[in-house]
Amino acid sequence: MPSGAQAVATIDQVVPKKVKGKAAAPDGASEPVSEPNEIKIKSEEYYDVKTQVFSALIDTIDLSQLSKLDNEGAREEIRDIVNDIVAIKSIVMSISEQEELLADICNDVLGYGPLEPLLERDDIADIMVNGAKQTFIEVDGKTQNTNVRFRDNDQLMNICQRIVSQVGRRVDESSPICDARLADGSRVNVIAPPLALDGPTLTIRKFKKDKLTLDQLVKFGAISEEGAEVLKIIGRVRCNIVISGGTGSGKTTLLNCMTNYIDEDERVITCEDSAELQLQQPHVVRLETRPPNLEGEGKITMTDLVKNCLRMRPERIIVGEVRGSEVFDLLQAMNTGHDGSMGTIHSNSPRECLSRMESMIAMGGFQLPQKTVREIICGSIDIIIQAKRLRDGSRRITHITEVLGMEGDVIITQDIFLYDIVGEDADGKLIGKHRSCGVGNPKMAERAKYYGEGPRLAAALDASEDPDQF
């Protein structure tokens, strides 16, 4: 085992992974990963054979030549050498087992090892690796155990290092916590020993290959057709938007959907901890925070990015996730001519969202009276969109709420759209419906009229009213 682990580390340095290619899919190799419960459990004998073949491969292969090949060419070269090694060593394997071994070794050398079959599946939302022997996935909002395992913690750590090094970051004992991303924008978090007691812990929030739209969210039941129409208008008429929700509720997905309705002639600047947003507009500047270097210097925070982007002539500022004092800079930007700016925040309701913004401003050290802070919030935020993951695993947009202003020391809000749970079916799935709250003249109506969207907004609100609510 140690020689194999050392070989992985060596080849990682010489042949960094390029664009993640699709692994070869022989007849017997792709079938076991079609469903998580059907993933084949590999025996200890299989891993012993794999280690022998891998060690022989490292002794045989010309790394300098391999590094000059593209991903597919390198895979073919590795497959040819592995086939020769299996023949020379007289290893007895069926054709399907040999194809599986070939795919595994190619993934170990050029890809992300045992993670590759999971990364290829588009139905998985999260991959959670708890040490070498335990991997969970989330499908349809529910967590499932899999039989995917790594050879040992060294192999898992090598894969973690390979992922984070591609975005200029590192993870080791001196820097055991790291946020990174895959080439497709999927979010990655690694926490390594000694902080993680049972081996490296890797969490991947996967993005779907096909980017979701509001129309697709309608098909999934996340929002009604009329509600989606209102959201499209909100994005189009440059309302300042905060998307609120808990972990895994779909905030970033919804933010991506909302950006589809930004005009193509607008200059958009995004600020993120790990770049996840996938904007389609031609004029987008993407900014990303930076952790400190080995000497503890050079850290660039979200506050630094938001302050700097104000000097870059933005028309819209989009903050991937507001976690701290940068909320004050975002509010100031929204209040000084950058209409249509957007951000996400962790909270469980629109009212709690407002309270959290107050708390984050206070934690940033701003010595302002409470009423002044609330006035800044009211003058900056137009719409709060609440996303929620329900107990059956489904994701729903539960509130579209306007921020109206102040009444005394209290912020006044008004719900435009709500999601009501009305029951549960035989399979435990919640049944609900979206409805307009009967607001005939919302605050945003004037803005919609200015942009020529007044009749469309009125029609969407009228069509979604529930006659039984009055």
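**View 1. Cysteines C271 and C309 in the predicted model.** A disulfide is taken here as a pair of cysteine sulfur atoms within 2.5 Å. In this predicted model, the cysteine sulfur closest to that of C271 belongs to C309 and is 4.1 Å away, which is too far for a bond. C271 is buried, with a relative accessible area of 0%, and C239 is also buried, at 1%. By this rule the count of disulfides comes to 0.

**View 2. The salt bridge between R151 and D152.** The side chains of R151 and D152 meet in a salt bridge with an N to O distance of 3.8 Å, and both of these residues are buried.

**View 3. The salt bridge between D263 and R236.** The side chains of D263 and R236 meet at 3.5 Å, N to O. This pair links distant parts of the chain, with D263 in the loop between helix 11 (251–259) and strand 8 (268–272) and R236, 27 residues apart from it, in helix 10 (residues 225–236). D263 is partly exposed at 28% relative accessibility, and R236 is partly exposed at 26%.

**View 4. The salt bridge between D339 and R447.** The closest N and O atoms of D339 and R447 are 3.9 Å apart. D339 lies in the loop between helix 13 (326–334) and strand 11 (342–346), whereas R447 lies in helix 16 (residues 445–450), so the pair ties together parts that are 108 residues apart in sequence.

**View 5. A patch of negative charge on the surface.** The patch gathers D70, E72, E76, E77, D80 and D84. Among them, E72 is placed in helix 5 (residues 71–88) and is partly exposed, with 41% relative accessibility.

Definitions and conventions:
Residues are numbered from 1 along each chain as its sequence is written. This is a predicted model: local features need pLDDT of at least 70, side-chain atom pairs count only at pLDDT 80 or more; totals for chains, interfaces and linings use all residues. Side-chain values use heavy atoms; hydrogens and water are left out. Patches are made of residues with over 30% relative accessible area and no salt bridge: like charges are joined within 9 Å, nonpolar side chains (Val, Leu, Ile, Met, Phe, Trp, Tyr) within 5 Å. Accessible areas come from the Shrake-Rupley method with a 1.4 Å probe; for residues, only the protein chains shown count as cover. A salt bridge is a side-chain nitrogen of Lys or Arg within 4 Å of a carboxyl oxygen of Asp or Glu. Lys and Arg count as positive and Asp and Glu as negative; His and the chain ends are not counted. The place of a charge is taken as NZ of Lys, CZ of Arg, CG of Asp or CD of Glu. Helices (H or I, at least four residues) and strands (E, at least two) are DSSP runs, numbered from the N terminus. Buried means under 20% relative accessible area, exposed over 50%, partly exposed in between (1.4 Å probe, protein chains only).
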